[in-house]
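This report describes a protein model, beginning with a term that the later sections rely on. Please look over the sequence and the structure before reading on.

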Amino acid sequence: MMKFLEGKFGWGLLLVAGLLFPFMAGNDYHLTVMSTAYIFAIATLGLNLITGYTGQFNLAHAGFMAVGAYTLGILTVDYEVSFWLAFLLAGVVTVLVGLPLGWVSLRLRGHYFSIFTLCVGTIMFLVIEKWESLTHGTVGIMGIPAPTAIGPLSFDTPVSIYYLVYFFLVFGVWMMRRIVDSLMGRTFMAIRNGDELAEALGVNLMRNKLMAFSLSVLYAGFAGALYAGFVRFLGPDLAGASHAFDMTMYMIIGGLGTVLGPLLGALMVPWLTQYLQALQEFRFLIFGPVLIFLVIFVPNGIVGTWVARRARQASDAALGKQAPAKDTAKKSDAAQKESARA
Amino acid sequence: MDIFLQQVLNGLTLGGIYSLVALGLTLVYGILHVPNFAHGAFYMVGAFVALKLMTGWEVNYWIAMIGAAGVVAVIGALSERLVFRPLRNHSGLHPMIAAIGLLLFLEAGAQALWGADFLRMPTPFSGIIEVAGITAPVQRLMIIAGAFTLMAALQIFLTRTVAGSTIVAMAQNRDGASLVGIDANRVAMLTFGISGALAAVAATLYAPINLVYPAMGHLVITKAFVIIILGGMGSVPGAIVGGLIIGFAESFGAYYISTDYKDIISFVLLVVILSLRPQGLFTNGAR
């Protein structure tokens, strides 16, 4: 079904466009916007693994991003740990925080999971704001060092930082495609499509959900650490609901349960916002209704719809007839199945 | 002892407000099985409408409260019609995401219309009553009286009137309700309307001892979710009891543990409860 996207052409084009971007950008401001978009794209890829592929609508993702960012900030500023060691530790700490929360939350079904993660996100925000001795409270952490040079590669110009972030994005996308195509990724999708059936087939639900959750959180943690090294200032707002909602928006606009969709969403929306300068603050006046419209009329998102149509055409051609089952399968793909019970 | 009674008073105030907000949430959940993330925005809009009616049009506090309830009831009913009804047959993720779209829209709308500033709401009840050593601001007593009167009124509406019974019937069994000729669409709109009105009244009662600003619904709504999980999603008495539990936990926690962390107490309670009983405290069996 993913044959079209698997075609190296589309991805190759994107890869080259990303490499050439600094030559076309014209000024540092555009580079900054793009680098920020990449960082959020990495986090959104992670969110999509748990929400799009495993079917659990997680609202604490910005919180986990903040855990990664604060780990890096606190370690480098207060404990003078070197940047890259702190970067690795940021991933480790995020997963350590995520595991127990994942264990609790993954025992919850459907709506309970989402509500629980909404509360977890709020707790993280409040803890960051109140635990001043560790997080510097509302003042935030200032003076986070830039990424230190690796051998001959130094990261002291916007262009070099751009390529650093770009490298992580490409690596993140490549890893995500490996994960999704592996047996593990298929298992995640089986859980999304019907957890009881998957369990009956011998899938260890808890272990697989926890795996998806940890991987998802790991993406958030590294994205957060990159964010800290890029912006070099942290405040509790990073954990706030608005970032979680932003990432949800990227994911829905692009399409749940595809690798390309959330990526495009995360790269596209910030630019739209930039060009609607006057709307900056009020962007949700437009994006809120867009989100509702998409969910009602284009539930699979832009890329998802495209993939579904491709798949339908392909199977029509292969079978030489209508393949009605495909359409309904796709629908239940995107929707979680707990309706009747929750 | 005085301090203890003072905390009881605070607990009742908070509990009353939380219960009202949670009641609206639980009614909608009972009917549509949607966690309405936009409910906090209904609450916020209610506070703003009442405030603007009072400061702009110089309307009396009670009329402003009724006005706010009316406006938010209409917004609630409209959002059922325009947002949630088309999604009724989609399950799981989609209605939740749409609710978030609605939340974002209402918040941005409030900010565009009324600005992002923190505003203070005037109240006709600024006095303080002193009884047996406890000082009780009149507004707090009003909140307690108002909240519990409204809860009683809602209970009577749900059990004694035809319109109320249709809501209960639909919450109990959707197919059964439509078999006896209950119009599901009308009931859903009615429920959303009532839910919005409850949120607006809660906001108008609580705003004078708090502040009015576009993000004011965030903490309240997350707590309301904790409450309905505690009390069982869709259960009316559960929402009232849960609201009081959280209200008391917070007011006593603020005094005996720490004011800084009082907002976290309810969430910690939730984490502990859900680790032990993933299906909620008062729900039996799988949902």
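## A term to start with

A residue is called buried when its relative accessible area is under 20%, and exposed when that value is over 50%. Residues between these limits are partly exposed. The model discussed here is predicted.

## Leu25 of chain B

Is Leu25(B) buried or exposed? Its relative accessible area is 1%, so Leu25(B) is buried, the cut-off being under 20%. Leu25(B) belongs to helix α1 of chain B, which covers residues 2-32.

Apart from residues up to four places away in sequence, Leu25(B) touches Asn36(B), His39(B), Ser195(B), Ile221(B), Ala224(B), Phe225(B) and Ile228(B).

## Chain A as a whole

Chain A contains 16 helices and 2 strands. Of its 342 residues, 56% are buried. Taking contacts in chain A between residues at least 6 apart in sequence, 77% join residues at least 24 apart.

Asn208(A) sits in helix α11 of chain A, residues 205-231. With a relative accessible area of 13%, Asn208(A) counts as buried because this value is under 20%. Leaving aside neighbours within four places in sequence, Asn208(A) is in contact with Met184(A), Thr187(A), Phe188(A), Ile191(A) and Val203(A).

Ser160(A) is part of helix α8 of chain A, residues 158-181. Ser160(A) is also buried, and its relative accessible area is 15%. A polar atom of the Ser160(A) side chain lies 2.8 Å from the backbone oxygen of Thr157(A). When neighbours within four places in sequence are left aside, Ser160(A) is in contact with Ser154(A) and Phe155(A).

## The largest nonpolar core

The largest nonpolar core has 202 residues, and Leu234(A), Phe37(B) and Tyr43(B) touch the most other members. Helix α3 of chain A, residues 28-53, gives the largest share of this core, with 15 residues.

What is Tyr43(B) in contact with, leaving aside its neighbours within four places in sequence? The residues are Ile17(B), Val21(B), Ala199(B), Ala202(B), Ala203(B), Tyr206(B), Met216(B), Gly217(B) and Val220(B).

## Where the two chains meet

Between the two chains, 42 residues of chain A are in contact with 46 residues of chain B. The area buried between them is about 4,300 Å², and carbon and sulfur atoms give 79% of it. His111(A), Tyr112(A) and Ile115(A) supply 16% of the area that chain A buries against chain B, more than any other three residues.

Which elements of chain A give two or more residues to the side that touches chain B? They are α6 (110-130), α12 (241-254) and α14 (283-297). Of these, α6(A) gives the most, with 12 residues. By type, the residues on this side of chain A divide into 28 nonpolar, 9 polar and 5 charged.

How values were computed
Residues numbered from 1 in each chain as written. Chains lettered and ligands numbered in written order. Predicted model: local features only at pLDDT ≥ 70, side-chain atom pairs only at ≥ 80, totals over all residues. Heavy atoms only, no water. Contact = heavy atoms within 4.5 Å. Buried area = accessible area lost by both parts, 1.4 Å probe. Helix = DSSP H or I, 4+ residues; strand = E, 2+ residues; numbered from the N terminus. Nonpolar A, V, L, I, M, F, W, Y, C, P; charged D, E, K, R; others polar. Core = buried A, V, L, I, M, F, W, Y, C linked by side-chain atoms within 4.5 Å. Buried < 20%, exposed > 50% of the residue type's maximum accessible area, 1.4 Å probe, protein only. Polar contact = N/O pair within 3.5 Å; in protein donor to acceptor, adjacent residues only side chain to side chain.
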